[in-house]
Every structure is written in C-alpha cells, then in structure tokens.
Amino acid sequence: MVSLLDIIGPVMVGPSSSHTAGACRIALLGRGLIGGTPETAVLELHGSFARTGEGHGTDKALAGGLLGFRPDDERLRDALDIAAREGLSYRFEKTTVEGDEVHPNTVRMTLGRGAEQVVVIGSSLGAGRVRLSEIDGYPVEITGSYYTQVVVAEDRRGSIARIAQLLADSAINIATLRVSRRERGGDAFMVVEADDPITDAVCDQVRALPWVRWVRALDKVGA
C-alpha cells in the first residue's frame, strides 16, 4: 500500500525528505536518548549520506535535530552556526557501517552529555521515515512513529510484566514491545512503543525499580 506521505513527503525544510527530514528525525531520537542537547557529537555518515549528504543538507539536519529542531523548523538552514553558538561540539566523518542489510542513508552517532554517552545507528528510509537499528550495540527497531520508552535492566523473571503493568496503571496502551539481550542473566534492552505519551512520572516509577539501570522516554518524531 502506498500512502499519501510516500507521494508528497513530509512537511519540512528541504531539499530532500531522505537526507534532511529523515536525518533530522534520527538526530531528534538520538537527542532523546541522551536526555537533551548533547555536548559532543561524532556523526559518521555511511553510503549516500556520506557521498551526497552535504549537498542535501544532511549535516545541517543532523545538527538541527540534536538541538531539538523538527524537520519543518526554518532554523535548520543555520543549524551548524547555531550549534557552535550553543556549545555543541560536533564532528562529521565518512565511514562504512558493517552489516548485510545496512541502508545507504545511515548515520552512526556517538553522543555525549555530562557523564553519559550513547552510540546510535539510524537510517532514513525515504519520505521522512526512519529506523534506529542499534543502541550501544543492542539491536533495536525504533521508528519514531510512536511514543517510546527505552529501558536497560537486569535480565530477570517478571521484569517485562512489571514494567507493562506500570504503563497500564497509567492508562498507557502498548503498541509494540521488544526485548534483546547479549546473554542470559546479563542486561536486557527493552523498547516499548505506545499510543500514549510516556510521562516523566511513569519513567520515574520504572527507574525506581531496583533492577532497572537506565530509562529514557522519546517523543514521536514522525506520523
């Protein structure tokens, strides 16, 4: 099925839905994962992003997304200058992201804020649609089309049910829930996509669980 969005693309500052709107949305998700505007950012561009990204404004879109600008924000055109004034230290590099199914419009972002660091791989799929495929080495699938909660916790019995119950108690309907882990009994990486906003109060309740190590809530960035 082809949607109207696939034909006309998102409302955005141009020129490209893939190289600008998509790149901006990837960076917005990265900003959410680090808890705000990062202080440092290494942005490694792969494939088409590396070859033609500068001409299509990918660098400005990524910087703007990290600053919290959305794809239709006129400030994207000046995002690199604004980033420098706001104290965001960034560097762009060209690279090859390994993998059999890596999309040509892909960026690996290493973001730092205070004592925290997160490494994110995201791809722009066309018409402004995006997908995060990896966070800190854990495979994920985050589209930004839902309100999202990301949780790192000890791999133990009942953890998924407990977090799901906290969301249900706050009238938050779960659309998808995915869990990945490197080994049994180690850390588990949980991604919950929901139809309803995931509030700070819910995140605080999840964070208070003794076996939870890290929690972030991400706003929707796409339709």
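This is a predicted model: local features need pLDDT of at least 70, side-chain atom pairs count only at pLDDT 80 or more; totals for chains, interfaces and linings use all residues.
1. Strand 7 (residues 147-154) and strand 9 (residues 187-194) run antiparallel and are joined by 8 bridges, strands being DSSP runs of E of at least two residues, numbered from the N terminus.

2. Residues are numbered from 1 along each chain as its sequence is written, and side-chain values use heavy atoms, with hydrogens and water left out.

3. The open sheet has 4 strands in the order 8-9-7-10 with antiparallel pairing, where two strands pair if DSSP finds at least two bridges between them. Its edges are strand 8 (174-181) and strand 10 (212-218), each of which pairs on one side only.

4. The largest nonpolar core has 40 residues, and Leu33, Val107, Met109, Leu132, Ile135, Ile142 and Phe189 touch the most other members; such a core is a set of buried Ala, Val, Leu, Ile, Met, Phe, Trp, Tyr and Cys residues joined through side-chain atoms within 4.5 Å, buried meaning under 20% relative accessible area with a 1.4 Å probe, protein chains only. Its largest share, 8 residues, comes from helix 2 (residues 17-34), helices being DSSP runs of H or I of at least four residues.

5. Apart from this core lies another, of 17 residues, which includes Ile172, Val192, Ala194 and Cys203.

Conventions:
Buried means under 20% relative accessible area, exposed over 50%, partly exposed in between (1.4 Å probe, protein chains only).
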